[in-house]
Amino acid sequence: MEITNTSGRRKTSVARIYMQAGQGNITINDREMKAYFGNELLENIVNQPFATLEKLGQYDVKVNVRGGGIASQAEAIRLAISKALVEETAESRPALKKEGFLTRDPRMVERKKFGRRKARRSFQFSKR
């Protein structure tokens with residue numbers, strides 16, 4: 001029984017996963033996925049790589065994820081799972097690459113500049 005270990009990142013979230021053949025149990029930070037996310041959309045994001053390759057319920061995944069919000073964490077987990085699936089079987093790479101699951105999303109929050117209210121928003125202009 002081979003355990004595949006990979007990591008995925010999105011914004012400030014970092015997900016480390018340990019994947020092995022099993023019954024399809026996904027544990028995130030020692031909690032069941034349904035309890036952790038509580039949102040079907042985010043659960044679908046995590047399961048997208050398995051659904052693309054028609055391997056739903058064939059792998060047990062243990063995830064340690066920290067940083068960012070839950071949507072960002074879900075996408076970081078998706079990247080890590082995709083990388084693990086490619087590591088396990090190289091033939092799955094073209095299908096996952098086509099869907100864009102192997103690309104790390106480079107978008108980050110822009111830093112706040114001085115003399116402004118946010119990154120680009122200026123203070124309210126007052127003529128008098």
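Keep in mind that the model is predicted.

Let's start with the strands. Strand β1 covers residues 4-10, and strand β2 covers residues 13-21. These two strands pair in the antiparallel sense, and seven bridges link them. Together β1 and β2 form a hairpin with two residues between the strands. Look for K11 in this hairpin, where the residue takes a positive phi near 50°.

Strand β2 has another partner as well. Strand β5, residues 59-66, runs antiparallel to β2, and eight bridges join them. Here I17 has V63 in β5 as its bridge partner.

In soluble globular proteins, nonpolar side chains tend to be buried together. The largest nonpolar core in this model has 28 residues, and those touching the most other members are I28, F37 and I77. Two or more residues come from each of β2, β3 (26-28), α1 (33-37), α2 (40-52), β5 and α3. Among these elements, α3 gives the most, with eight residues.

Next, let's visit T4, which is found in β1. Is T4 buried or exposed? T4 counts as buried because its relative accessibility is 6%, and the cut-off for buried is under 20%. Apart from neighbours within four places in sequence, T4 is in contact with I17, Y18, M19, A84, E87 and E88. With E88 there is also a polar contact of 3.2 Å between the two side chains. For a sense of distance, compare the position of E99, 95 residues away from T4 along the chain: the C-alpha atoms of T4 and E99 are separated by 22 Å.

Our last stop is S82, in helix α3, which spans residues 70-88. With 0% relative accessibility, S82 therefore counts as buried too. Where does the side chain of this serine find a polar atom of the backbone? A polar atom of the S82 side chain lies 2.9 Å from the backbone oxygen of R78. Leaving out neighbours within four places in sequence, S82 is also in contact with P49, L96, F101 and L102.

How values were computed: Residues are numbered from 1 along each chain as its sequence is written. This is a predicted model: local features need pLDDT of at least 70, side-chain atom pairs count only at pLDDT 80 or more; totals for chains, interfaces and linings use all residues. Side-chain values use heavy atoms; hydrogens and water are left out. Helices (H or I, at least four residues) and strands (E, at least two) are DSSP runs, numbered from the N terminus. Buried means under 20% relative accessible area, exposed over 50%, partly exposed in between (1.4 Å probe, protein chains only). Contact means heavy atoms within 4.5 Å. A polar contact is a pair of N or O atoms within 3.5 Å; within protein, one must be able to donate a hydrogen and the other to accept it, and residues adjacent in sequence count only if both atoms are side-chain atoms. Two strands pair if DSSP finds at least two bridges between them. A nonpolar core is a set of buried Ala, Val, Leu, Ile, Met, Phe, Trp, Tyr and Cys residues joined through side-chain atoms within 4.5 Å.
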